[in-house]
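Welcome! Take a look at the sequence and structure first.

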Amino acid sequence: MAEQEPHIEVDTADDRDSVVEDDIILDYPVENGRRYHAFRAGVYCLPNDELELDRLDLTHALMTKGIGEKLFLAPIDTDKMHRVLDIGTGTGIWSMAVGDEYPNAQIIGNDLSATQPPWVCPNVKFEIDDVEAPWVYEAPFNYIFCRYMTCCIADWPKLVERVHENLVPGGWAEFQDFDLQYYSEDGSLTKEHKTLQWINLLLEAARKIGREPCPGPLFEGWVTDAGFENVTHKKFRFPIGPWAKDGKLKEVGMFNLAQVLAGLEAFSLRLFCQVLGWDKDEVLLLTSQVRKELKTLTIHAQFDFHVVYGQKKVDKP
């Protein structure tokens with residue numbers, strides 16, 4: 001189980017009135033002014049346009065900083081990390097970073113959208129694929145990495161089992177994802193705040209279409225049930241905004257606030273309009289109210305990021 005930690009201490013030296021300032025496969029459909037994936041259309045609820053791709057790269061920086069400036073935590077023997085699969089690669093930024101750091105590894109990144117750069121290291125390859133469709137890889141992998149697939153997967157236990165099946169004996173899998181339930185440890189985020197109302201509606205909409213928005217705390221059970229050994233679960237708290245006294249958490253909070261503000265409309269439009277039946281203008285009004293609240297430093301909101309990794313049993317001689 002993830003260890004319990006003391007509450008994050010608020011930096012009381014900050015000005016409480018201050019405000020943080022802002023800034024066929026390829027036949028992509030456009031809804032409410034945002035571009036979405038075409039392959040297996042509708043499976044993924046977020047856009048794939050340039051605004052969203054920039055936010056995904058920002059979120060990559062958030063997640064790596066949040067776990068200690070690391071690309072992964074599993075105790076892999078990198079000299080034997082010959083075949084690596086990156087599930088839901090997004091912009092491909094993680095695959096490219098791993099491919100650059102470990103030239104002995106062959107990295108395959110898959111995604112529903114062809115939004116990865118065409119020029120990459122020779123040991124990195126991208127594929128358009130649906131990870132919930134049958135896998136047809138020619139050989140098993142030494143390491144399978146799955147990160148930030150919240151609201152994407154219909155059957156998580158089946159996917160985790162498929163990951164286990166496609167590892168070599170002794171291979172590792174790592175799952176990194178959020179629990180998107182916003183909360184505060186000091187009571188500064190209340191049910192009267194538009195921010196909490198918004199996130200609760202978002203979680204409700206995702207669950208209505210069978211896409212779990214908070215998979216992070218559930219991974220340990222799924223990974224264990226799939227037959228993995230040496231399962232480790234770590235939880236990291238991500239403040240939303242630079243309100244934490246601790247310097248590292250303050251930096252994480254700045255990155256987190258930036259990606260949340262950049263993604264408010266992207267997170268909301270398809271789920272609120274198609275699932276909850278809202279008009280676009282209603283959604284934009286709510287997100288503008290959330291934006292205003294989050295840019296103050298009076299709400300000490302946060303959510304959790306979970307990392308779970310495990311190893312496939314080594315065959316006995």
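A residue counts as buried when its relative accessible area is under 20%, as exposed when that area is over 50%, and as partly exposed in between. With that in mind, let's tour this predicted model. Across the whole structure, a search finds 9 salt bridges.

**A buried pair between helices**
- Glutamate 265 and arginine 291 join their side chains in a salt bridge, at 3.0 Å from N to O.
- This pair links distant parts of the chain, 26 residues apart: glutamate 265 sits in helix α6 (residues 247-275) and arginine 291 in helix α7 (residues 280-294).
- Both glutamate 265 and arginine 291 are buried.

**A network of salt bridges**
- Salt bridges link Lys65, Glu69 and Glu251 into a network.
- Within it, lysine 65 and glutamate 69 meet at 3.3 Å, N to O.
- Glutamate 69 is exposed because its relative accessibility is 53%, whereas lysine 65, at 22%, is partly exposed.

**A partly exposed pair**
- Lysine 125 and glutamate 127 form a salt bridge, with their closest N and O atoms 3.6 Å apart.
- Lysine 125 has a relative accessibility of 45%, so it counts as partly exposed.
- Glutamate 127 is also partly exposed, with a relative accessible area of 23%.

**A negative patch on the surface**
- Asp155, Glu161, Glu165 and Asp225 together form a negative surface patch.
- One of these residues, glutamate 165, belongs to helix α3 (residues 156-165).
- Is glutamate 165 buried or exposed? Its relative accessible area is 57%, so glutamate 165 is exposed.

Conventions: Residues are numbered from 1 along each chain as its sequence is written. This is a predicted model: local features need pLDDT of at least 70, side-chain atom pairs count only at pLDDT 80 or more; totals for chains, interfaces and linings use all residues. Side-chain values use heavy atoms; hydrogens and water are left out. Patches are made of residues with over 30% relative accessible area and no salt bridge: like charges are joined within 9 Å, nonpolar side chains (Val, Leu, Ile, Met, Phe, Trp, Tyr) within 5 Å. Accessible areas come from the Shrake-Rupley method with a 1.4 Å probe; for residues, only the protein chains shown count as cover. A salt bridge is a side-chain nitrogen of Lys or Arg within 4 Å of a carboxyl oxygen of Asp or Glu. Lys and Arg count as positive and Asp and Glu as negative; His and the chain ends are not counted. The place of a charge is taken as NZ of Lys, CZ of Arg, CG of Asp or CD of Glu. Helices (H or I, at least four residues) and strands (E, at least two) are DSSP runs, numbered from the N terminus. Buried means under 20% relative accessible area, exposed over 50%, partly exposed in between (1.4 Å probe, protein chains only).
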